[in-house]
Amino acid sequence: MDATLTKVFIWDMDETLILLKSLLNGTFAQSFNDLKDADKGVQIGRMWENHILNVCDECFFYEQIENNNTPFLDALKQYDDGRDLSDYEFDRDGLCPPFDDLSLKKIAYRHRAIAHKYKEGLQNIFDKEMLRVWDELYDMTDEYTDRWLSSARVLLEQCSSGKEVSTSSLGLASLDSADTKSEHVNILVTSGSLIPSLVKCLLFRLDNLITHGNVYSSWEVGKLQCFQWIKERFNNPNVQFCVIGDGWEEGEAAQAMQWPFVKIDLGPGSCHRFPGLSLRTLGCYLSVVYGSPSDETDEE
């Protein structure tokens, strides 16, 4: 049986899949030579910032565990005894410093509850009115950013399938040769804290494309350590990695791992932005390091 080729796309979040900091500090508007209303961008960014923090505290225990950031949700799994949490009273379990083994078990319970909420999605967290508010904010942001959010989401979908639908004369772009068995994985490695990053995935409509088990926080450990964990997780010679982000840290970490790195650029004339970045471009970066799909077929 032929080995399956796995292609792992490792994404940064802020200023890559979503825009927030550049809205708040006005750099997104500045990249358009002030043709965009910077004040409107700041207003949109503040709305996101306030709502994200509120959702973190009200629905995801962030106020209780923000000083105990972990690099991924399963980091404390050894402390979870698997008890039924359906009637567990999180507000009355006395979670507080010092964070000994008992406290870590209580945090592990919260992480399991967070994973469950993430899998269920926003429709099981918000009422209809709140969902409407979020839809309007998302659409307003997408319009202001010239479809950055929705275009990034489309590329994530294409990375998951390995194929894009093209309206150009170039036809369909594919990451694989026709006779190659393959799978594709999207992973998020963010420099932000874990819980707010998971909440952002939900609010920016990324949760059905990036599972909670594929979200890493490099806040304390750094991106290189996260990349090393990911490589160990996919410990197989038939795996190819590609890193996409806007920062120097992921660029240096990708170089250290000898993985291709696609640097995102806010500039409206760049093809390494959204909309603009395509599956075809990612395939070119992969082929420089790993060879083209046709090369793989020829070797077989």
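Q: Does Asp12 count as buried or exposed, and how do I read that?

A: Look at relative accessibility: a residue under 20% counts as buried. In this predicted model, Asp12 has 6% relative accessibility, so Asp12 counts as buried. You'll find Asp12 in the loop between strand E1 and helix H1 (21-24).

Q: Which residues is Asp12 in contact with, once its neighbours within four places in sequence are set aside?

A: Contacts show you what the fold brings together. Asp12 is in contact with Leu17, Leu188, Val189, Thr190, Lys223, Ile244, Gly245, Asp246 and Glu250.

Q: What does the UniProt annotation "active site" cover?

A: Treat a record like this with some care, as annotations may be inferred rather than shown by experiment. Here the UniProt entry, which is unreviewed, puts "active site" on Asp12 and Asp14. Both Asp12 and Asp14 belong to the lining of the largest pocket.

Q: How many bridges join E1 to E4?

A: Bridges tell you which residues are partners across a strand pair. Strand E1 (residues 5-11) and E4 run parallel and are joined by 7 bridges. Two examples: Thr6 has Glu183 as its bridge partner in E4, and Phe9 has Asn186. E4 also runs parallel to E5, with 3 bridges joining them, and there Leu188 stands opposite Val215 in E5.

Q: How many residues of E4 are buried?

A: Count the buried residues along the strand. E4 is mostly covered, with 7 of its 9 residues buried. Take Val185, which is found in strand E4: its relative accessible area is 15%, so Val185 is buried.

Q: Which residues does Val185 touch, not counting those up to four places away in sequence?

A: Val185 touches Thr6, Lys7, Val8, Phe9, Asn214 and Phe234. Thr6 shows how sequence and space can part ways: Val185 and Thr6 are 179 residues apart along the chain, yet their C-alpha atoms are separated by 7.6 Å.

Q: Which residues touch the most other members of the largest nonpolar core?

A: In soluble globular proteins, nonpolar side chains tend to be buried together. The largest nonpolar core here has 71 residues, and Phe9, Trp11, Leu17, Trp48, Ile244 and Leu282 touch the most other members. Helix H5 (residues 101-120) supplies the largest share of this core, 8 residues. Apart from it lies another core, of 17 residues, including Val8, Val185, Val189 and Phe241.

Q: Where is Ser193 found?

A: Ser193 is in the loop between strand E4 (182-190) and helix H8 (194-203). Its relative accessibility is 12%, so Ser193 counts as buried. Beyond residues up to four places away in sequence, Ser193 touches Tyr62, Asn69, Ser217 and Trp219.

Notes. Residues numbered from 1 in each chain as written. Predicted model: local features only at pLDDT ≥ 70, side-chain atom pairs only at ≥ 80, totals over all residues. Heavy atoms only, no water. Helix = DSSP H or I, 4+ residues; strand = E, 2+ residues; numbered from the N terminus. Buried < 20%, exposed > 50% of the residue type's maximum accessible area, 1.4 Å probe, protein only. Contact = heavy atoms within 4.5 Å. Core = buried A, V, L, I, M, F, W, Y, C linked by side-chain atoms within 4.5 Å. Pairing = 2+ DSSP bridges. 1 Å grid on protein atoms, 1.4 Å probe; cavity = no way out; pocket = protein on both sides within 12 Å on 5 of 7 lines; lining within 4 Å.
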